[in-house]
Amino acid sequence: QVQLVESGGGLVQPGGSLRLSCAASTTLFSIYVMGWYRQAPGKQRELVAAITSGGSPNYLDSVKGRFTISRDNAKNTVYLQMNSLKPEDTAVYYCNVGVVGAVGGGTYWGQGTQVTVSS
């Protein structure tokens with residue numbers, strides 16, 4: 001099994017910044033990809049950013065240049081630094097990890113953290 005603990009959401013004014021963290025714990029798997037999705041009310045969940053174990057990131061077009069994803073492999077922790085936040089970034093943000101191991105693999109989700117961008 002994999003446990004994910006998210007932190008860092010909250011209320012911020014437009015133009016402000018937030019940093020999300022997600023710590024993963026597992027004794028059975030290796031984590032090959034870590035990422036963040038978001039879901040706004042009435043909309044589908046979308047991939048915001050992801051990063052492989054080798055450090056290659058990819059981003060949703062609308063967040064490029066504003067958000068930065070990074071990971072600490074030693075701590076199995078992924079971060080999402082969000083700058084120049086806009087009201088349209090308001091959503092519940094979910095951590096997601098892809099794992100693989102001798103017993104198989106899969107993806108796991110965090111519980112979600114609310115990000116609200118409003119004046």
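## Core, disulfide and loops

The largest nonpolar core has 29 residues, and those touching the most other members are Trp-36, Phe-67, Val-78, Leu-80, Met-82, Tyr-93 and Val-97. Two or more residues each come from E3, strand E4 (30-39), strand E5 (46-52), strand E7 (67-72), strand E8 (77-82), E9 and strand E11 (113-117). E9 gives the largest share of this core, 5 residues. The model is predicted.

In soluble globular proteins, nonpolar side chains tend to be buried together.

Take Trp-36 as an example. Trp-36 sits in strand E4. Its relative accessibility is 0%, so Trp-36 counts as buried. Trp-36 is also one of the core residues that touch the most other members, and Val-78 is another. In sequence, Trp-36 and Val-78 are 42 residues apart. In space, their C-alpha atoms are 8.8 Å apart.

Next comes the disulfide. A search of the whole structure finds 1 disulfide. Cys-22 and Cys-95 form this link, with an S to S distance of 2.1 Å. The pair connects distant parts of the chain: Cys-22 belongs to strand E3 (residues 18-25) and Cys-95 to strand E9 (residues 91-101), 73 residues apart. The angle about the S-S bond is -80°, and the link of Cys-22 and Cys-95 is left-handed.

Are the two cysteines buried or exposed? Cys-22 has 0% relative accessibility, so Cys-22 counts as buried. Cys-95 has 0% relative accessibility too, so Cys-95 also counts as buried. The cut-off for buried is under 20% relative accessible area.

| Residue | Relative accessibility | Class |
|---|---|---|
| Cys-22 | 0% | buried |
| Cys-95 | 0% | buried |
| Trp-36 | 0% | buried |
| Ser-84 | 41% | partly exposed |

Ser-84 lies in the loop between E8 and E9. With a relative accessible area of 41%, Ser-84 is partly exposed.

Asn-76 also has a positive phi, about 50°, although Asn-76 is not a glycine. Asn-76 is placed in the loop between E7 and E8. E7 and E8 each give two or more residues to the core.

Terms used
Residues are numbered from 1 along each chain as its sequence is written. This is a predicted model: local features need pLDDT of at least 70, side-chain atom pairs count only at pLDDT 80 or more; totals for chains, interfaces and linings use all residues. Side-chain values use heavy atoms; hydrogens and water are left out. A disulfide is a pair of cysteine sulfur atoms within 2.5 Å. Helices (H or I, at least four residues) and strands (E, at least two) are DSSP runs, numbered from the N terminus. Buried means under 20% relative accessible area, exposed over 50%, partly exposed in between (1.4 Å probe, protein chains only). A nonpolar core is a set of buried Ala, Val, Leu, Ile, Met, Phe, Trp, Tyr and Cys residues joined through side-chain atoms within 4.5 Å.
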